[in-house]
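Work through these exercises with the model open. Each task is followed by a solution in steps.

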Amino acid sequence: MNVSSTEDFDRVDLKILRALQSEGRLSNADLAERVNVSAATCHRRTQRLFKEGYITGVRAEVAPGPVGLGAMVMVGVVLDRSTPESFGAFEGAVMELKEVLDCNLVAGDFDYLLKIRVRDMADFNKLHGQKLIALPGVHQTRTFFVMKEVKENARLPF
């Protein structure tokens with residue numbers, strides 16, 4: 001998002017984004033009060049921010065431990081070929097794996113970096129043996145078990 005490139009984007013819009021990023025459950029009335037505009041103006045602006053793609057969604061942040069997904073694993077994946085077709089096949093298949101929270105094409109030692117949530121090491125071992133190494137084009141994987149989550153899902157710095 002390049003804020004300065006949009007003529008209709010101003011400080012009120014920025015305040016709305018900051019407030020909603022911090023607390024997505026704010027009512028329109030509370031949000032309007034917080035950003036110092038009328039409720040009608042706030043509603044109109046918020047709807048425009050959704051429509052223009054500044055806000056892509058609102059959702060609850062679920063604590064992974066209580067729902068039985070206490071282990072986070074990062075997996076570096078190297079594909080056997082670097083072609084648009086192999087990337088497309090891999091990306092399509094990884095989209096079907098509910099355990100994969102994030103999949104990013106990266107530069108460096110890996111082609112992709114996956115962020116995965118599972119119950120425990122045994123659960124990951126099963127996922128790895130049955131699904132990850134069977135993904136299209138996978139040549140090699142490198143696994144990192146997260147020991148401590150220091151900073152997770154931070155807010156955008158604007």
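A disulfide is a pair of cysteine sulfur atoms within 2.5 Å. By that cut-off, the structure holds 0 disulfides.

This is a predicted model: local features need pLDDT of at least 70, side-chain atom pairs count only at pLDDT 80 or more, and totals for chains, interfaces and linings use all residues. Residues are numbered from 1 along each chain as its sequence is written, and side-chain values use heavy atoms, with hydrogens and water left out.

**Exercise 1. Domains**

Task: State which domains the protein chain is assigned and how far apart the C-alpha centres of domain 1 and domain 2 lie.

Solution. Start with the bounds, which come from an automatic or database domain assignment. Domain 1 covers 11-52 and domain 2 covers 65-145. Next, take the C-alpha centres: they lie 37 Å apart.

**Exercise 2. Two cysteines**

Task: Classify Cys-42 and Cys-103 as buried, partly exposed or exposed.

Solution. Buried means under 20% relative accessible area, exposed over 50%, and partly exposed in between (1.4 Å probe, protein chains only). Cys-42 has a relative accessible area of 0%, so it is buried. Cys-103 is at 27%, so it counts as partly exposed.

**Exercise 3. The sheet**

Task: Give the strand order of the open sheet, then name its edge strands.

Solution. Helices (H or I, at least four residues) and strands (E, at least two) are DSSP runs, numbered from the N terminus. Two strands pair if DSSP finds at least two bridges between them.

Step one: the 4 strands follow the order β2-β3-β1-β4, with antiparallel pairing. Step two: β2 (100-105) and β4 (138-145) are the edges, each pairing on one side only. Step three: neighbouring strands are turned by 20° against each other on average, direction ignored. Axes here are lines fitted to C-alpha atoms, for helices over the stretch in contact, and angles run from 0 to 180 degrees between N-to-C directions.

**Exercise 4. Around β3**

Task: Find how many bridges join β3 to β1 and to β2, and which helix lies across the sheet strands.

Solution. Take β1 (residues 71-79) beside β3 (residues 112-118): 7 bridges join this antiparallel pair. Ala-71 has Val-118 as its bridge partner, and Val-73 stands opposite Ile-116. Now turn to β2, which is joined to β3 by 5 bridges, again antiparallel. Here Leu-105 partners Tyr-112. The β2 and β3 hairpin has 6 residues between the strands, and Gly-108 takes a positive phi near 125°.

α4 (residues 84-94) lies across β1, β2, β3 and β4, running at about 10° to β3. Finally, check burial: 6 of the 7 residues of β3 are buried, so this strand is largely enclosed by the rest of the structure.

Notes:
Contact means heavy atoms within 4.5 Å.
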